[in-house]
Amino acid sequence: MTSRNFSIETIGIVGTGAMGRGIAQIAALAGLSVRLYDANPVAAGAARDYLAETFARLTAKGKLDQARSAAALAKVSGAQAVGDLAGCDLVIEAIVEKLDVKQALFRELETVVSGRCVLASNTSSLSITAIAAGCIDPSRVVGYHFFNPVPLMKVVEVIDGLRGDPAAGDALMDLARRMGHTPVRAKDMPGFIVNHAGRGMNTEGLRVAGEGVASFADIDRIMREQAGFRLGPFELLDLTALDVSHPVMESIYHQFYEEPRFTPSPITGTRLAGGLIGRKTGEGFYRYEDGKQQVPAEAPAPTELPQSVWISKRYPQAYEAVAQLVNHAGVKLDDGATPAADSLIVVTPFGHDATTAAVDEALDATRVVAIDALFPLVGAQRRTLMTTPATRRAARDTAHALFAADGIPVTVIRDSTGFVTQRVVATIVNIGCDIAQKQIATPEDIDLAVMLGLGYPRGPLALGDALGAPTILTILRNIFSVLGEPRYRPSPWLARRAQLGMPLTQRDAADSPTEAQQ
């Protein structure tokens, strides 16, 4: 296959819904000529009217000057038929997510456009190779996956099909930068980068809720305030809406041939069937009144402190952090080799549940309370405790009072392998590592795509490095040892780097680019 030079100045967009309009907006503002086509004869005109209103609103707010607004709108025209896209250098498809419909459109486009026109699909879940398979020339078919709302979500995935010409993908990378977006490059695999990496937060959050460990609101609070994410899994699902996110979960699961890491939850299927879709319908995992999320209030923390506290020394760093909180609260620290008969017993498991920690250390489970020490305890925004099934109410309540004594909110959950943060974060990191292991994208692009596409505080690989790859590996191995579920098996990328002391963000030494290549 001979590589071609693709020069892009005129773009055709097929499908003028939210995605098509968003792509048209950033393209026109970048000075590109845009032709809008939709199977609905009035839709292209309505889309241009929408863009005119959008540019006027941005101008009124001072975010766009009048001259640039007028110039951008002048670049946008409607097309009455597919044949009107003949002079385009690039045609982007943003229509229904049905493979046969997309294939038929691309076959029709091939009869219209020149041999130097790139054909791109904005699909979020279908194979680019499969879309291109119906074309005479599959080499110029590329995935160009934007995120909604396009003007605000500044990342776009460029996906090369198996028969793709790299020059076509290169041209779309350059075009993305010209339009003010950050491009990331991916192989043609289910979910590409962002939707693939996003399985960790949602599927594991649903798994935690499905085990009855904590409420939807408590899981969200923990992930937001303790782990530092912008949204918890159920807030995120309400935002994206289950009529969108549940089919994507099922699609990726089946495309990976029932990979256990991506197993969907019956929770979302049932709620979708019941119409509890999310924000846009006024009720999902939360109710929304006048667009405002209704969150159940937290009960006040107990106030009676324990007489003394014995802390497990299995994890020395965690012991020191807990001991600092105990001393700060003015509670006696029981420093005996075994707990005194009247001491509250605190364990700090990583991956194990409180029950396993109690049994492994031969502790009285009726007095055992576990605290999550994955994230810093001193100066935290929230702390999480969990109990064994045998823990007495008095032990639970005095532990709650102790760890809330400095005014930090505390969430008490039922026994869980890996609390909430440990299992969700470890799953996020592990899936990110597996994306790198499969060479779907570079470590740099994986982290960049996830931060920009999902709004995570760090990309999965950088997050694993911040918490320590050996710690993440320990968590996964301990969860697996208790539950025996293959969804928690560590990625080879994670296991090898943890053992070698290498950062998760580092490529294999033999694959790292030389200075001349950088």
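This is a predicted model: local features need pLDDT of at least 70, side-chain atom pairs count only at pLDDT 80 or more; totals for chains, interfaces and linings use all residues.
Tutor: Residues are numbered from 1 along each chain as its sequence is written, and side-chain values use heavy atoms, with hydrogens and water left out.

Student: What are the bounds of the domains into which the chain is divided?

Tutor: They are domain 1 (10–188), domain 2 (194–293), domain 3 (308–408) and domain 4 (426–502). The bounds come from an automatic or database domain assignment.

Student: What does the UniProt record place on residues 10–188?

Tutor: The unreviewed entry annotates residues 10–188 as "3-hydroxyacyl-CoA dehydrogenase NAD binding"; such annotations may be inferred rather than shown by experiment. In the model this span is 39% helix and 22% strand, where helices (H or I, at least four residues) and strands (E, at least two) are DSSP runs.

Student: How do you know that domain 1 and domain 4 are in contact?

Tutor: Contact means heavy atoms within 4.5 Å, and eight residues of domain 1 meet nine residues of domain 4 on that criterion. Their C-alpha centres lie 33 Å apart.

Student: What area is buried between domain 1 and domain 4?

Tutor: About 720 Å² is buried, and carbon and sulfur atoms give 64% of that area. Buried area is the accessible area (1.4 Å probe) that two parts lose on being put together, summed over both. On the side of domain 1, Val155, Val184 and Lys187 lose the most, together 53% of what that side buries.

Student: How many salt bridges and polar contacts cross this interface?

Tutor: A salt bridge requires a side-chain nitrogen of Lys or Arg within 4 Å of a carboxyl oxygen of Asp or Glu; the rule finds zero between domain 1 and domain 4. Three residue pairs are in polar contact, both residues at pLDDT 80 or more. A polar contact is a pair of N or O atoms within 3.5 Å; within protein, one must be able to donate a hydrogen and the other to accept it, and residues adjacent in sequence count only if both atoms are side-chain atoms. Strand β8 (residues 182–187) gives the most to the side of domain 1, with five residues.
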